[in-house]
Amino acid sequence: MRIILLGPPGVGKGTQAQFLIDRLGAVQVSTGDLLRAAVREGTELGRKAKGFMDAGDLVPDDVILGMIREKMGELGDTPVIFDGFPRTVAQAEGLDELMNGLGLGIDKVVELVVDDQVVIDRLSARRSCPKCGAVFNLMFNPPKVEDVCDSCGHKGLIQRDDDKPEVIANRLKVYHDQTAPVANHYDAQGNLAKVPGAGTVEEVKNGVQSALGR
Ligand code: AMP
């Protein structure tokens, strides 16, 4: 089982991916998380990616596809939830090719759809733990104790540099210009489902579940 979650930054792809992981015993492949880990570890990949990420621009397709190829080689036929990938039509085509080569396919593509203003509000309120990576939202999912991570107890939650207002505007532009056409790519293949992403976490979860027919 391989599922792609599409949608603008901050729409809740990571949260929904987590539900699917728990239910399907799947592994999440988030290119954003892989890139942030590479930046933290100071690898060559991280050094290449950092400038693009800080500006809210996309990391070049060949870098991303190389990372995915390596990851898919490790995972074999383990169920996978792709989160934040593919972000361009070229990446979607590269994934098609990779899947064909491995004799695998994509079962379903779920696009979470919201207005830009919802994205801006959610990203502005997102905070994360610099120690364990847990993600909170000051509006919808605040930590139990202000500024303290529920998961590891670290004090001092941070805002991602690319969740700052000037970068959010560019990320939305990049999304509309380069990522929105990816939905058409999968629509043409007949496996796209659109789910409203503006409701509560539970409402979106139910929408995703019915899109997957289970
Ligand atoms: P995310 O956490 O998915 O919002 O990703 C954070 C940043 O990582 C993006 O703004 C891009 O700079 C980069 N990134 C993540 N996934 C991709 C991808 N599939 N293609 C290109 N750049 C990506």
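Author: Let me begin with a definition for talking about linings: Ala, Val, Leu, Ile, Met, Phe, Trp, Tyr, Cys and Pro count as nonpolar, Asp, Glu, Lys and Arg as charged, and the others, Gly among them, as polar. This is a predicted model, in which local features need pLDDT of at least 70 and side-chain atom pairs count only at pLDDT 80 or more, while totals for chains, interfaces and linings use all residues. Residues are numbered from 1 along each chain as its sequence is written, and side-chain values use heavy atoms, with hydrogens and water left out.

Reader: Fine. How many cavities of 30 Å³ or more are there?

Author: The count comes to 2 cavities of 30 Å³ or more. On a 1 Å grid over the protein atoms alone, a cavity is a set of points where a 1.4 Å probe fits but cannot get out, whereas a pocket is an open set with protein on both sides within 12 Å along at least five of seven lines, and lining residues have an atom within 4 Å of a point. Grid points are joined across faces, edges and corners, and a volume is the space filled by probe spheres set on the points.

Reader: Which residues line the largest cavity?

Author: The lining consists of L5, L6, G7, K13, G84, F85, P86, R87 and T179, around a volume of about 40 Å³. By class, this lining of the largest cavity has 4 nonpolar, 3 polar and 2 charged residues.

Reader: I want to look at the proline in that list. Where does P86 lie?

Author: P86 lies in the loop between β3 (80-83) and α5 (89-102), where helices (H or I, at least four residues) and strands (E, at least two) are DSSP runs, numbered from the N terminus. The peptide bond that leads from F85 to P86 is cis, with omega near -5°.

Reader: And the second largest cavity, which helix gives the most to its lining?

Author: That is α1, with 4 residues, although α1 (13-24) and α8 (201-211) each supply at least two. The residues lining the second largest cavity are Q16, F19, L20, R23, K205, V208 and Q209, and its volume is about 30 Å³.

Reader: Moving on to pockets, what is the volume of the second largest pocket?

Author: The second largest pocket has a volume of about 230 Å³. Its lining draws at least two residues from each of α2 (31-41), α3 (44-55) and α4 (61-75), and α4 provides the largest share, 6 residues. By class there are 6 nonpolar, 1 polar and 5 charged residues in the lining of the second largest pocket, including V63 and K48.

Reader: Is V63 buried or exposed?

Author: V63, which lies in helix α4, counts as buried at 14% relative accessibility. Buried means under 20% relative accessible area, exposed over 50%, and partly exposed in between (1.4 Å probe, protein chains only). V63 and K48 are 15 residues apart in sequence and 8.7 Å apart in space, taken C-alpha to C-alpha.

Reader: Last topic: how many disulfides does the search find?

Author: The search of the whole structure finds 0 disulfides, a disulfide being a pair of cysteine sulfur atoms within 2.5 Å. C132 is in no disulfide, and its nearest cysteine sulfur, that of C149, is 3.7 Å away.
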